[in-house]
Number of protein chains: 2
Amino acid sequence: MADEFDLIKRLFLPLAGGRPEALNLSDDVALIAGPPGQQWAVTKDAIVAGVHFFPDDPPGQIAQKLVRVNLSDLAAKGAEPRFLLLATCFPQNVEEGWLDRFASGLKADCAMFGVAVIGGDTVSTAGPLVLTLTAMGLVPENTALLRSNARSGDMIWLSGSLGDGALGLLVAKGEGKSLPKACAEALLDRYRLPRPRVALGPRLRGLAHASMDVSDGLMADLGHICEASGVRGVVEADLLPLSEAGRAALDAGMGEGLATVVTGGDDYEILFTAPPSAEKDLLGLSRELDLRLTRIGRVTTGEGVTLLDRAGQEIPLARAGYNHFRGDAG
Amino acid sequence: MADEFDLIKRLFLPLAGGRPEALNLSDDVALIAGPPGQQWAVTKDAIVAGVHFFPDDPPGQIAQKLVRVNLSDLAAKGAEPRFLLLATCFPQNVEEGWLDRFASGLKADCAMFGVAVIGGDTVSTAGPLVLTLTAMGLVPENTALLRSNARSGDMIWLSGSLGDGALGLLVAKGEGKSLPKACAEALLDRYRLPRPRVALGPRLRGLAHASMDVSDGLMADLGHICEASGVRGVVEADLLPLSEAGRAALDAGMGEGLATVVTGGDDYEILFTAPPSAEKDLLGLSRELDLRLTRIGRVTTGEGVTLLDRAGQEIPLARAGYNHFRGDAG
């Protein structure tokens, strides 16, 4: 089985018919004409029980994760979220109480992020729960932050902290018993409830060159930016921002350590590149939003992505990120 | 388990936050701001193997059915289709050859209907194949044909022929062995390959009052129009347009006869109401498009829907249409 990126390129790219709205199916959104002076950024993600969440996860959190992974895509493009269309494929024996808690989670996030559900579909399935969300946000014309705009000489930046989602998944799978309870819970919470950086994204317009959210893993997603932009990305491991809980998990020897942090995915932070001249504004923005923004590396000419240790030596990584049809390697 | 309409009303309507774009989640599309003078009609349908199609149906036809059920929604609103976003949840063991044939079907329909795939998501599932499509079409501002605009005194019209989809489903299930082969194949084809009335829909703007496509069954869908419009619908059984194959199937005693035709669903014809003054234009349009348009009844004051026989007596129906969570009754 080919990986999902090859699959999309081979099967679906010809169906885009070269329309500029599709961004070659190689970005996180499509961009279509909106109200005067604006464009709709449209993204659509599917999540499946047993793949993207555990069937016995709290239903409200499943709903919130669905909303947030999509809003994270919009945020990373600089768009302000407005509307959702939800398609639900519920198992036939789904219970009313489960549905109520699912809807409560949705409601909480609609209120928190100022979005409304304006359509969708509700069907039944004999298989696991499948949810797909189409999210639409507005961005001023020609200001969306694309993957393809990184330039040699840019600094590479990351919002928030890295690795908490992947380490939280390990906690959910039963690892990390030796961790302080507060740390384990903090990681689990970050896995179950991504924090889409909706306040940050629109503020990056005019400052950042290229941008995307980290969902498949830092190195894989930086690879997407570099491939789309025709540049090389160099990340310094020492600069990677870890949370307190993340650092405790690494100290406790969880997962594959640094490799889990840079390839694990489920971060939903914004990874972006910006010219050195933007540094001061970015640090000011970080203070204003009370959100860590960390310079983690630089963009150079060439291709591919590299992770360097303190001595400037490349740290080899067995895999770059999650892939749906190989199970792991990407 | 409540039916899907109650479910949507109770769980998801509060999430629309009263936004006019949502049309109270009681129409087939959402309407959002588009390029100057236009609106995007946005619809999203999900189809599941074993529910909406047979797992061993030809993959190209599964793709085409998915496209067409969504384009049918757009057409019935008077919108011209432009863009698709496709989320696919393929079983992990899906074969390359299957995927190629699926993509070929998509490609054929993108070409036939002038639409492009501009985004989506590709994930894996341990369960049956699930496909969701978000379809977007353009309609001039404030001209979309809604469910809620039927008026007492209107005539009720239907495009094409009724019942072929439902009878085709029975053929797929092994009924109709006594039918001439050409009839059985014609019905099966109509079940597998809906004909969205994309040429008709936009031409109904300014002529029709209320409109929707028939997917759940004529009586159920007319009921939706009547409920949304606060009127009563009266259909005369003798006026219902049957295809040759459909008439042969009824003569052969397939299914529940007339009840299958008016409640079976999967028609994807446009059901609309129009004032008597529009009749001449509609008949001219029918000739121009070479598409049957049949007056099947009338709109009166009151509520609910009624099917009358030749003598003007009500024909009782045990059920109105398909429902996902009760399996049949709606």
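Which domains does the domain assignment of chain A give? The assignment gives domain 1 (4-140) and domain 2 (147-308). The model described here is predicted.

**Contact between the domains of chain A**

The C-alpha centres of domain 1 of chain A and domain 2 of chain A are 22 Å apart. Their contact joins 21 residues of domain 1 of chain A to 20 residues of domain 2 of chain A. On the side of domain 1 of chain A that touches domain 2 of chain A, α2 (59-76) and β3 (80-91) of chain A each supply at least two residues. The largest share of that side comes from α2(A), with 10 residues.

**Contact between the chains**

Chain B and chain A meet through 56 residues from chain B and 56 residues from chain A. Two or more residues each are given to the side of chain B that touches chain A by α1 (4-12), β1 (30-33), β2 (38-48), β3 (80-91), α3 (96-113), β4 (116-125) and β5 (130-140) of chain B. Of these, β4(B) gives the most, with 10 residues.

**Relation of the copies**

Chain B is superposed on chain A by a rotation of 180° with 0.0 Å of shift along its axis, at an RMSD of 0.0 Å. That is the relation of a two-fold axis. Of the interface residues of chain B, 100% are also interface residues in chain A, so the copies meet through the same surface.

Methods. Residues are numbered from 1 along each chain as its sequence is written. Chains are lettered from A and ligands numbered from 1 in the order in which they are written. This is a predicted model: local features need pLDDT of at least 70, side-chain atom pairs count only at pLDDT 80 or more; totals for chains, interfaces and linings use all residues. Two residues are in contact if their C-beta atoms, placed from the backbone, lie within 7 Å. Helices (H or I, at least four residues) and strands (E, at least two) are DSSP runs, numbered from the N terminus. Copies are superposed by least squares on the C-alpha atoms of residues with pLDDT of at least 70 in both. Domain bounds come from an automatic or database domain assignment.
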